[in-house]
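Welcome, and thank you for taking a look at this structure. Let us walk through the two chains together, one part at a time.

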Amino acid sequence: MSDRITVAKTYKLYIGGKFPRSESGRSYPVADTKGAFLANAAQGSRKDARDAVTAARKAFGGWSGTTAYNRGQVLYRVAEVLEGRREQFITEVAGSEGVALKKAQSLVDTAIDRWVWYAGWTDKIAAVLGSSNPVAGPYFSFSTPEPTGVVAVLAPQQSSLLGLISVIAPVIASGNTCVVITSQDRPLPAITLSEVLATSDVPGGVVNIITGRTAEIAPWLASHGDVNALDLTGAPESIRADLERSAAGTVKRVLRNKAGEDFTATPDMSRLRAYLETKTVWHPMGV
Amino acid sequence: MWEYAPAPESRDIANLKPNYKMFVDGEFVEGTGEPLKTINPATEEVLAEVSTASESDVDTAVKAARKAYDRVWSKMPGSERAKYIYRIARQIQERGRELAVLESLDNGKPIKESRDTDVPTAASHFFYHAGWADKLGYAGYGPDPRPLGVAGQVIPWNFPLLMAAWKIAPALACGNTVVLKPAETTPLTALVLADIIQQCDLPPGVVNIIPGAGDVGAALVGHADVNKVAFTGSTDVGKVIQGQLAGTNKKLTLELGGKAANIVFDDAPLDQAVEGIVNGIFFNQGHVCCAGSRLLVQESIADELLEKLHARVSTLRVGDPLDKNTDVGAINSREQLTKIQELTASGEAEGATRWTSSCPLPDKGFFFAPTVFSGVSQAMRIAREEIFGPVLSVLTFRTPEEAVAKANNTPYGLSAGIWTEKGSRILWMAQRMRAGVVWSNTFNRFDPTAPFGGYQESGFGREGGRTGLEAYLDV
């Protein structure tokens, strides 16, 4: 290695396809698992969360309206770009999670493969979850899964990349858009992921990423009238029930998966189903 | 208007008894709650006294359901569960006329609706779900999806028997046991269903039916040993229940209110559309969560459509629910009638133009003449709030984009209607409706094979079809 001074990265938020600092002007130091300083991350605020919801809502019509084939290609493109940044993610995951290099490699590889897995789902969800309904009358009736809207995702606190990808990909694969609160203490891979998203044809606003204190920001998303669903995976235990109570105020769909989920295991369709609405359409038959 | 001779169905067919008891652990027992008197809303006479559950009765019922789940129902092969559920379907058909008359007496809905819709659809829900009981591995939730346990179910008064069927049939098919609370004003057909269940020899405790008011429902959904809660009713109560279940592991599905747009384009076959509009809002006195209560009509045909609509609505016969010629029956309760009156008054106060059918109304009972408001703006309460009565609000639009925007301008999202001859426009509109059910060139169609449920504040989860099984499986 040369003794060149490296260019250090400023870690910012990712909202509406842009990389703003927190409007609050706050940041917080992020350390590795041994306490050594890694970087400062932006400490997102209520206003940042609301801006992110606005961006996600704005992006929803376009993203949910793209063809499933197109969405699949966009997601696959993300995996391609992830693969190109593999070494960077390994370094960041090792730093954030305090795991050995080999373990970090395995986590990053699984994360990239996970993204590919969900990319392949986009144009199969309707065939697997939809139906033609044999109703007892002269009608054609069919049911099709549709995205529920804007999803607030509280990302896992431990698994900084694999867990993060495992909770984001199923949300957007079916056409939802999202606002993600990253792992509070391990936020750096999420910001690097946002750079990947920004450069892989994912329209701005489809994924919005906020770093900061989960317990500070999450209540504003749980009660937000323009958020349709809430993923509690990374919610601190002490506020889970409160968040659910807030979510009830606008009848949000709540995914209650708890911390400790094994993200290395092959997923099933449950995270896809969690953010889907079934729409049943009827039309008479006759001449 | 044609004159019809009265053609009432005999109330004797209902086999009305002076007293009804709750059904717990396979037996009809007196509840220790304050008994309620259920009335005929068409005459305000008391039909019967019904025992209700106290909190300790709720506990007894849940314990019975737990015991039946642990010892019998969860261990029984699906093929055996299926045969019990088929039996229920058949017995509902056999006792269909009795159930229809009893439903019309207790609820106030026209006999032609209870006879042709409520009862047959209730039977078909049991018949359909019976077949799932031994085929759950094919439903797309893995090879051996497991039941949840004890389901606590709370249902509304608008389709008392049908809602009981929607709730009980999938729960049993998936291997759960049930404690169901029927609505305070309409407990009778659910208790006859309990009689059917007893005659079908279901193991004691598999289905328990406990009448009572909202406090019984709250005790049931709040019971610590309930694994699954299913509620159909108002959005306000749905929110309370969702909040009540926060922090628990209980699985919840909600089927709540609606303010559906029924959208008529200028190329629609107007006479058919008028029939669909009438069906959409006056079916079951408008006591329908998916009622087409907001008519969005393209501006160029608004006057013509309104004229046809008024003419058609004028012919609706309001009166004795047991009369086979009655189109619109009684409002279910005085409380609901008051709510409808209050909201229609707000429509007038806010400047909408009220038209009300001049049809004669009975002297007694709770009746409300079919009413159509025109000149309604989106800000008015009658355009935003669920009236749950025979009151239609008419708004206009110019372009399909405007129709979409207005239709979706609501926190609800249960259903929508689209009337146009153009197939591509139907599909374009259907895709853009933020609603769980979209009826095109028809309205208010229900079938056990077709998933039903809402977007947004109309609730979550589906009932019917393969999709509906998810609500009762641990997946």
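UniProt positions are given here in the numbering used for this structure, and the annotations may be inferred rather than shown by experiment. With that in mind, the UniProt annotation "domain: Aldehyde dehydrogenase", from an unreviewed entry, covers residues 33-262 of chain A. Please keep in mind as well that this is a predicted model. Within residues 33-262 of chain A, 50% is helix and 17% is strand, and the end C-alpha atoms of this span lie 20 Å apart.

Two packed helices are described by the angle between their axes and the distance between the axes. Helix 4 of chain A, residues 101-119, packs with helix 6 of chain A, residues 162-173, at an angle of about 5°, and their axes are 9 Å apart. Angles under 35 degrees count as roughly parallel, so helix 4 of chain A is roughly parallel to helix 6 of chain A. Which residues of the two helices meet? Helix 4 of chain A brings A:Leu107, A:Thr110, A:Ala111, A:Arg114, A:Trp115 and A:Tyr118, while helix 6 of chain A brings A:Leu162, A:Ile165, A:Ser166, A:Ala169, A:Pro170 and A:Ala173. By class, this contact has nine nonpolar, two polar and one charged residues.

Now follow the strands of chain A. Strands of a sheet pair through backbone hydrogen bonds, either parallel or antiparallel. Strand 3 of chain A pairs with strand 4 of chain A in the antiparallel sense, over three bridges. In this pairing, A:Ser132 stands opposite A:Phe142 in strand 4 of chain A. The two strands are joined as a hairpin through five residues. Strand 4 of chain A is also joined to strand 10 of chain A, by nine bridges, and these two run antiparallel. Here A:Glu146 stands opposite A:Glu277 in strand 10 of chain A.

How many residues does each chain give to the contact? Chain A gives 28 residues and chain B gives 37 residues. On the side of chain A that touches chain B, at least two residues each come from strand 3 (131-133), strand 4 (139-147), helix 9 (240-248) and strand 10 (276-284) of chain A. Strand 10 of chain A supplies the largest share of that side, with eight residues. The residues of this side of chain A divide into eleven nonpolar, eleven polar and six charged. Strand pairing also crosses from one chain to the other: three bridges join strand 10 of chain A to strand 17 of chain B, residues 437-440, and the two run parallel. In strand 17 of chain B, B:Val438 is the residue that A:Val281 stands opposite.

Over residues 28-474 of chain B the chain is 41% helix and 15% strand, with end C-alpha atoms 31 Å apart. The domain assignment of chain B gives domain 1, made of 11-256 + 455-472, and domain 2, made of 261-440. The centres of domain 1 and domain 2 of chain B, taken over C-alpha atoms, are separated by 30 Å. Where they touch, 23 residues of domain 1 of chain B are in contact with 29 residues of domain 2 of chain B. Helix 3 (96-107) and helix 4 (111-132) of chain B each supply at least two residues of the domain 1 side of this contact. By class, that side of domain 1 of chain B has eight nonpolar, eight polar and seven charged residues.

Our last stop is a sheet in chain B. This open sheet has three strands in the order 1-5-4, with mixed pairing. Its edge strands are strand 1 (19-20) and strand 4 (36-39) of chain B, each of which pairs on one side only. Strand 1 of chain B pairs with strand 5 of chain B in the parallel sense over two bridges, and B:Tyr20 has B:Val50 in strand 5 of chain B as its bridge partner. B:Leu36 also stands opposite B:Val50 in strand 5 of chain B. Strand 4 of chain B and strand 5 of chain B, residues 46-50, pair in the antiparallel sense over four bridges, and B:Lys37 stands opposite B:Glu49 in strand 5 of chain B. These two strands form a hairpin with six residues between them, and B:Glu44 in the turn has a positive phi of about 65°.

Terms used:
Residues numbered from 1 in each chain as written. Chains lettered and ligands numbered in written order. Predicted model: local features only at pLDDT ≥ 70, side-chain atom pairs only at ≥ 80, totals over all residues. Domains from an automatic or database assignment. Contact = placed C-beta atoms within 7 Å. Nonpolar A, V, L, I, M, F, W, Y, C, P; charged D, E, K, R; others polar. Axes fitted to C-alpha atoms, helices over the stretch in contact; angles between N-to-C directions. Parallel < 35°, antiparallel > 145°, perpendicular 65-115°, else oblique. Pairing = 2+ DSSP bridges.
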